[in-house]
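Dear colleague,

I am handing over the structure we spoke about, with the sequence alongside. My notes on what was found in it follow below.

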Amino acid sequence: MEEKTCEQIKEDIFITLTMRYKFNILGDIKMNKGYLNYKWKIYTDKGNFFVKQYNKKRYPDDMLDGLERSLNQHAYLYENGIPCPKLFIYEKKYVQYSIGGERFVLMELKNGNMIKAGSATIDQMYSLGRNIGKMHKLLNTKRQVDLPLHWEIPSKKQMMDNWLSRWDEAIKLKDEIVLPILEKQRNIIEGMHIEHFSQCEKGWAHWDLFVDNVLFTSNQVAAILDFDRMNYVFPEFDLSRAILSCCLKDNYLQLEPVSAYLEGYRDYCDITLQKLVRSIRLTWWKESSWIRAGKSAEKTLQRFCEENKWIGDNWNELEFIFSEINLLHH
């Protein structure tokens, strides 16, 4: 079966929306961020909306139940004051089907600005910390469900096997950028006591909390976006992912915005130095395999590689670096 073009998919979804919501679409802008899924901002006589189509390769049918569950959490957070877009429901589901069988969601369009990685201000980070702390408290207090973990922590053997295949590849390709990073990775994996992660708390996490998924005003969060990956995993990911994405600039971690983030977070949830360091290492453990020969220059991966390299370079100094934040001693 021939794949539909973006234009055909758009026409199908827009006709469906016009019939379903009785609005006239006055204009639209296609968004180019993200992978495989098409997205549009649409301007109508009944307000402005955001539409996201789910690509069938990236989201096969067996993933839709999980996606619907994530969107239910998103809706729950919206109802409880977390700044995120309002979702529109159709036939009791957030994932809608177009006339031509495309899957999509409709939500309100939020105003705000994207920031560059590493450029968040102290005020923006305090606001983000408060919102993530409140989100974790809402999702993980009295709503305990015993779900299977969405992602299991790889064993040392799994990490070494993966590392070895990437090392062989880098040697073959003579990748002078990646080889020294991989050297460091091997030392970390070999020296790691996996029990270090045994204290990680399980719960719901946004799990994709980097700068592209947050809109800011000059001094606070305007909207947290893209809850599609929200899952029952380790909430600690949201601590480290946000800190690395928003506060690491030119290979230097800016401690004042980090401190502000943690201060905001602690208005709702506890955080210790040990937990913070563990969360940074957990992110490294998960993302280190993204560093591969010939890939480090790809725009989307480049930033993750920078962050991963910074953690690797500072692996044994993390306690010292974060202990300078007075907040953690309160």
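**Cysteines**

The sulfur of cysteine 305 lies 18 Å from the closest cysteine sulfur, that of cysteine 246, which is too far for a bond. Cysteine 305 is also buried, with a relative accessible area of 8%; here buried means under 20% relative accessible area, exposed means over 50%, and partly exposed is in between, with a 1.4 Å probe and protein chains only. For cysteine 84 the closest cysteine sulfur belongs to cysteine 269, at 16 Å, again too far for a bond, and cysteine 84 is buried with a relative accessible area of 0%. The structure holds zero disulfides, a disulfide being a pair of cysteine sulfur atoms within 2.5 Å.

Please keep in mind that this is a predicted model, in which local features need pLDDT of at least 70 and side-chain atom pairs count only at pLDDT 80 or more, whereas totals for chains, interfaces and linings use all residues. Residues are numbered from 1 along each chain as its sequence is written, and side-chain values use heavy atoms, with hydrogens and water left out.

**Helix α4**

Helices (H or I, at least four residues) and strands (E, at least two) are DSSP runs, numbered from the N terminus. Helix α4 covers residues 156–172, and at 1.5 Å a residue its 17 residues should span 24 Å, which agrees with the 24 Å between its end C-alpha atoms; the expected span is 1.5 Å times one less than the number of residues. Met159, Trp163, Arg166, Trp167 and Ala170 are the buried residues in α4. Seen down the axis of α4, these buried residues fall within an arc of 110 degrees, so they line one face of the helix, the arc being that of the directions from the helix axis to the C-beta atoms. Exposed Lys157 and Lys172 are carried on the face of α4 turned away from its buried side. The cover over the buried residues of α4 includes α5 (178–191) and α8 (273–287). After α4 comes lysine 174, whose phi is positive, near 50 degrees.

Helix α6 (residues 236–247) packs with α8 at an angle of about 80 degrees, and their axes are 8 Å apart. That makes α6 roughly perpendicular to α8, a description used for angles of 65 to 115 degrees, where under 35 counts as roughly parallel, over 145 as roughly antiparallel and the rest as oblique. The axes are lines fitted to C-alpha atoms, for helices over the stretch in contact, and angles run from 0 to 180 degrees between N-to-C directions. Contact, for its part, means heavy atoms within 4.5 Å.

Arginine 281 lies in helix α8 and is buried, with a relative accessible area of 9%. Leaving aside neighbours within four places in sequence, arginine 281 is in contact with His196, Phe197, Trp315, Asn316, Leu318 and Glu319.

In helix α7 (residues 255–265), nine of the 11 residues are buried, so α7 is largely enclosed by the rest of the structure. The buried residues of α7 pack against α3, α6, β11 (252–253), α8 and α10 (318–323).

**Histidine 150**

Histidine 150 sits in the loop between α3 (122–140) and α4, and is partly exposed, with a relative accessible area of 45%. Apart from neighbours within four places in sequence, histidine 150 is in contact with Trp207, Asn231, Tyr232 and Val233.

With best regards
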